Amino acid sequence: MKNCIIVFGASGQLGHCIKLISQQQKIDNILFPAETEADILDINKLKALFEEYRPAYCINCAAYTAVDKAEENIDTARKINRDGAANLANLCEAYGSVLIHISTDFVFEGNTVGALGEGDTARPINAYGLTKLEGELDIIAITNKHYIIRTSWLYSQFGANFVKSMLKLGIERDELKIIADQVGTPTYAIDLAGAILKIISSESKAYGIYHYSNEGVASWYDFAKAIFEISNMKVNTLPIRTTEYPTPAARPAYSVMDKSKIKSTFGIAIPYWRDSLITCIKALK
């Protein structure tokens, strides 16, 4: 299958969502190889894939996303988030493929209120964000044919995520304390998957960095409250400060992103976060 789309990190949450949407859209030139044959740290296996398929597009969903563990395991996080991204970028440059790479709002410090644009200064405050930024910079240095898509607070009916954790804890406990002073935007991975495939179908050459999250603003407390309300679960949800729930990795206090560039460039309509949450919870049930 020459000139196809290859999804790396296909077994993860976003990979599953891309597979679901591609099936719904009857896209048949897209491959979801297992990690055993598409390990982004294994140059020989990657070269074999590129040589066999000569992909038109590569979507990199593979990442080290354990934010707190990255503080102790920064070398491992860096290998995956920086070196793995660079491996794909080098092969995309060599074979003329377009790289679509998924990054994060955690590249920002998040200490000022205001929608973050693609050109705003990236200044990570944790190891995860740093290694993701390093991956972005390596991609930019290696190949011009790239789309770097920063997203935030990803969830879906697949994999481990905040929505599924809250639904599980809501069954186990009558009361939960949730951080209320970290603000961002929950993003339904199904919506992001649709946006990625729309970029590909556009055949655009407007390469660069783009922001994608659902519309609106929420704290983790708002997010949790919405999950329980939509699910008709009676859980006493209490707001707390970040200082009351210390974690190894610092988090941005405010990481709401400006999506006007991706909307205007590709004509993408982005749903409101709560509407997409309703859709996800229906799918889970």
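**Cores and a sheet, step by step**

Biologist: Which residues does Leu14 touch, leaving out those up to four places away in sequence?

Modeller: In this predicted model, Leu14 touches Cys61, Ile102, Leu154, Ala189, Leu192, Ala193 and Ile196. They are called contacts because heavy atoms lie within 4.5 Å.

Biologist: What makes Leu14 stand out in the largest nonpolar core?

Modeller: Leu14 is one of the residues that touch the most other members of this 54-residue core, together with Ile18, Ile59, Ile196, Phe223, Ile227 and Leu277. Helix H6 (residues 189–202) gives the core its largest share, 9 residues.

Biologist: How do you know that Ile6 and Ile148 belong to another core?

Modeller: A core is joined through side-chain atoms within 4.5 Å, so a set lying apart counts as its own core. Ile6 and Ile148 sit in such a set of 21 residues, which also includes Leu91 and Ile209.

Biologist: Nice! Now, what is the strand order in the open sheet?

Modeller: The 6 strands run S2-S1-S3-S4-S5-S10, with parallel pairing.

Biologist: Why are S2 and S10 called edge strands?

Modeller: Strand S2 (30–31) and strand S10 (208–211) each pair on one side only.

Biologist: How do you know that S5 and S10 are paired?

Modeller: Pairing needs at least two bridges. Strand S5 (residues 146–151) and S10 are joined by 4, so they count as a pair. Arg150 stands opposite His211 in S10.

Biologist: Which strands does helix H4 touch?

Modeller: Helix H4 (residues 127–142) packs on the sheet, touching strand S4 (98–104), S5 and S10. The direction of H4 makes about 160 degrees with that of S4.

Notes. Residues numbered from 1 in each chain as written. Predicted model: local features only at pLDDT ≥ 70, side-chain atom pairs only at ≥ 80, totals over all residues. Heavy atoms only, no water. Helix = DSSP H or I, 4+ residues; strand = E, 2+ residues; numbered from the N terminus. Axes fitted to C-alpha atoms, helices over the stretch in contact; angles between N-to-C directions. Buried < 20%, exposed > 50% of the residue type's maximum accessible area, 1.4 Å probe, protein only.
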